[in-house]
Amino acid sequence: MGCLVSTPKDTLGNRRRPANIGEVSVYVPGLRIPKPVDFSQSLGDHLSKSLVERLSALRTRIVVMAAQEGPTITRTKRRAATQHGGSTLADLQQALEDYLPVLLGLMKDGSQLHHKVQFLWVNQEDDAEETAMSNAWYEVLSILHLMAMLALSQANLLLLPRTSADGYQPKVTEESRRASIDIFLKAAGYLDCAVRHVLPQLPTELKTNLPVDLAEGVLRALCLQALGQGVDIQLGMAIDSTKATLAVKRRLACEMVKYWQQAQDNLMNLPLLNGWGEKHRLFVKWKYVEAKAAAYYYHGLILDEGNTEKFHGMAVAALQAADEYFKESRKACDEFNAAPPLSRNPPLWGTMKYLSEKIPKDTSSKVRINRDLYSHEKIMETAPTLPDFALALKPDEFQLPPVDPSWNMEHMNKGSNQL
């Protein structure tokens, strides 16, 4: 089954959390940090010295890099000058990708070696500071989660406005926006693989005792969060396009609402109580309300194109809902930024820069015109239901890599009698 050890909150002081994480476009709920493992003690009698040393070297590289960068990697200021998030993210991501095929050899052909090593990680969202499990699938799950968090960190850096060469207002280039969508889909792919292919490998007892960072609800919420932010970028690009119709913008906004609603539903009953976890919940709440403001705005504009009193009345109600949700989103944003670790908004850009100007103005104008035309009774007091669209954006199809060829040599050299 694999044994479990959880260390109570803050007894070892390994969670070095920053007091302030700077500007946030994409929220990353901290990085779980691996602690050293002695492979030679647990596997020395079962594997060749060269393979044990390779496992040790690959994992030690991750331990060292993550320990150095993990507590600060979500701080945006120090990486402001590095293109696409600098080398740190890419190097750590590469180290994880190098380790994974070798790690998967512990589960090769039904081997029992995956129970031999106790893997220990420092949590961020869970109340327990550390969780150790003697099951290599726990290690795979932790690796995929970390790969996804690094991808979201890279997306955040891409989506922070930079001062342009022409000296005008800070902006996010179209190249960065397109690149961020690819990264969001990649992050969602890691998380989708974790939920569908790795979690089922863990026995029920261990699944029940996973830290909340790796709970199925959190993994699903993070996947949906990545997809929701990808659609947000698509909507911003549609707003900038002269070819995109109101119907296209409404569809994207309504899809965004569904992603964030599902993300919020997945977090609903989870114990996200400490700093990173509570801030995660507040981020999803903020983005859900913000998405509803966008969806009701575009729904209202389309309804207003109708030629009857009923359509105009529904349009006013939808625009008023958009205005209320927009005001609520500002409060939710402030609540998120005030929660520890402190954060702040980058300069407005994209979807919300446009809507922050249009929603109050258009709502005021349409309400005034329609109230002049129709009696109060003709104006709906409740917002019309948003149209329901199928979700178009899907995670990348990420599959666990094949077992590293070094394990084939291991079987040839030692046979399978010790496995």
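This is a predicted model: local features need pLDDT of at least 70, side-chain atom pairs count only at pLDDT 80 or more; totals for chains, interfaces and linings use all residues.
Helix α8 spans residues 246-267 and contains 22 residues. From its first C-alpha to its last, helix α8 reaches 32 Å, which is close to the 32 Å expected at 1.5 Å a residue. The buried residues of α8 include the run from L252 through A253, C254, E255, M256 and V257. Also buried in α8 are K249, R250, Y259, W260, A263 and L267.

Residue T363 belongs to helix α11, which covers residues 350-373. The relative accessible area of T363 is 5%; because this value is under 20%, T363 is classed as buried. When neighbours within four places in sequence are left aside, the residues in contact with T363 are L319, Q320, D323 and K358. For L319, the backbone oxygen lies 3.1 Å from a polar atom of the T363 side chain.

Residue D91 is found in helix α3, made up of residues 86-103. In contrast to the buried T363, D91 is partly exposed, because its relative accessible area of 38% falls between the limits of 20% and 50%. Not counting residues up to four places away in sequence, D91 touches R61 and M65. The separation of D91 and M65 in sequence is 26 residues, while their C-alpha atoms are 8.6 Å apart in space.

Terms used. Residues are numbered from 1 along each chain as its sequence is written. Side-chain values use heavy atoms; hydrogens and water are left out. Helices (H or I, at least four residues) and strands (E, at least two) are DSSP runs, numbered from the N terminus. Buried means under 20% relative accessible area, exposed over 50%, partly exposed in between (1.4 Å probe, protein chains only). Contact means heavy atoms within 4.5 Å. The expected span of a helix is 1.5 Å times one less than its number of residues. A polar contact is a pair of N or O atoms within 3.5 Å; within protein, one must be able to donate a hydrogen and the other to accept it, and residues adjacent in sequence count only if both atoms are side-chain atoms.
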